[in-house]
Amino acid sequence: MATTMQRPTPPSNEYLELVRAFPPRMIHDDEELDQAIAVADELLDRPDLSSDARDYLAVLGLLIEDYERAQVELPIVSGVDLLRHLMEENDLSQSDLAPLFGGNRSIVSEVLNGKRRLALSHVQRLAEYFGLPVDLFIDRER
């Protein structure tokens, strides 16, 4: 029995305009990466994206991710270093994070000063709070 393949919905004019303005192609160098990121940023700054614009942005995001994964070597950062960075970027104090550590500000201090490791419960709460994957807060063997 032959299976029939369903044809995808034809792209809208909006989608085609996005493709004409910046065709989604493999990224070969940092200049092309910068251009792709600029287009993605412009789309992300729009208040409301149509489903076609979200689809285009998703494809562009995959191309950016593919290039960065192959070309950009990210440094290994400890979970505590990441936490410090996120606190600074979000202007958070130890008191602000205390609820994620069972309401205990001294535990936050001990973690930040290297006297205590992040517990799995802390990692899970931090990941949820910052909207990041759990594994970013888990230290790996170097």
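This is a predicted model: local features need pLDDT of at least 70, side-chain atom pairs count only at pLDDT 80 or more; totals for chains, interfaces and linings use all residues.
Helix H2 is formed by residues 30–44. From its first C-alpha to its last, this helix of 15 residues reaches 20 Å, close to the 21 Å expected at 1.5 Å a residue. Its buried residues are Leu 33, Ala 36, Ala 40 and Leu 43. These residues lie on the same side of H2, because the arc that they cover around the axis is only 85 degrees. Glu 31 and Asp 34 are exposed, and they are carried by the face of H2 turned away from its buried side. The packing partners of the buried residues of H2 are helix H1 (13–21) and helix H3 (51–71). A contact is also found at the start of H2, where the backbone nitrogen of Glu 31 has a side-chain oxygen of Asp 29 within 3.1 Å.

Helix H3 has 21 residues, and the distance from its first C-alpha to its last is 30 Å, close to the 30 Å expected at 1.5 Å a residue. In H3, the residues Ala 53, Tyr 56, Leu 57, Leu 60, Leu 63, Ile 64 and Tyr 67 are buried. Viewed down the axis of H3, the buried residues fall within an arc of 120 degrees and therefore line one face of the helix. On the face turned away from the buried side of H3, the exposed residues are Leu 62, Arg 69 and Ala 70. The cover over the buried residues of H3 includes H1 and H2.

Leu 57 belongs to helix H3. Its relative accessible area is 14%, and Leu 57 is therefore buried, as the cut-off is under 20%. When residues up to four places away in sequence are not counted, Leu 57 touches Ala 40, Leu 43, Leu 44 and Leu 49. Of these, Ala 40 and Leu 43 are among the buried residues of H2. Between Leu 57 and Glu 128 there are 24 Å in space, C-alpha to C-alpha, and the two are 71 residues apart in sequence.

Helix H4 comprises residues 79–89. Gly 79, Val 80, Leu 82, Leu 83, Leu 86 and Met 87 are the buried residues of H4. The arc that they cover around the axis is only 155 degrees, which puts them on the same side of H4. Glu 88 and Glu 89 are exposed on the face of H4 turned away from its buried side. The buried residues of H4 pack against helix H5 (94–97), helix H6 (105–112) and H7.

Most residues other than glycine have a negative phi. Asp 91 counts as exposed because its relative accessibility is 69%, where the cut-off for exposed is over 50%.

The second largest pocket holds about 180 Å³ of space. Helix H4 and helix H7 (120–130) are the elements that give two or more residues to its lining. The lining residues include Gly 79 and Val 80, both of which are buried in H4. Also in the lining of this pocket are Val 111, Gly 114, Arg 116, Arg 117, Leu 118, Leu 120, Val 123, Phe 137, Ile 138 and Asp 139.

Terms used. Residues are numbered from 1 along each chain as its sequence is written. Side-chain values use heavy atoms; hydrogens and water are left out. Helices (H or I, at least four residues) and strands (E, at least two) are DSSP runs, numbered from the N terminus. The expected span of a helix is 1.5 Å times one less than its number of residues. Buried means under 20% relative accessible area, exposed over 50%, partly exposed in between (1.4 Å probe, protein chains only). The arc is that of the directions from the helix axis to the C-beta atoms. Contact means heavy atoms within 4.5 Å. A polar contact is a pair of N or O atoms within 3.5 Å; within protein, one must be able to donate a hydrogen and the other to accept it, and residues adjacent in sequence count only if both atoms are side-chain atoms. On a 1 Å grid over the protein atoms alone, a cavity is a set of points where a 1.4 Å probe fits but cannot get out, and a pocket is an open set with protein on both sides within 12 Å along at least five of seven lines; lining residues have an atom within 4 Å of a point. Grid points are joined across faces, edges and corners, and a volume is the space filled by probe spheres set on the points.
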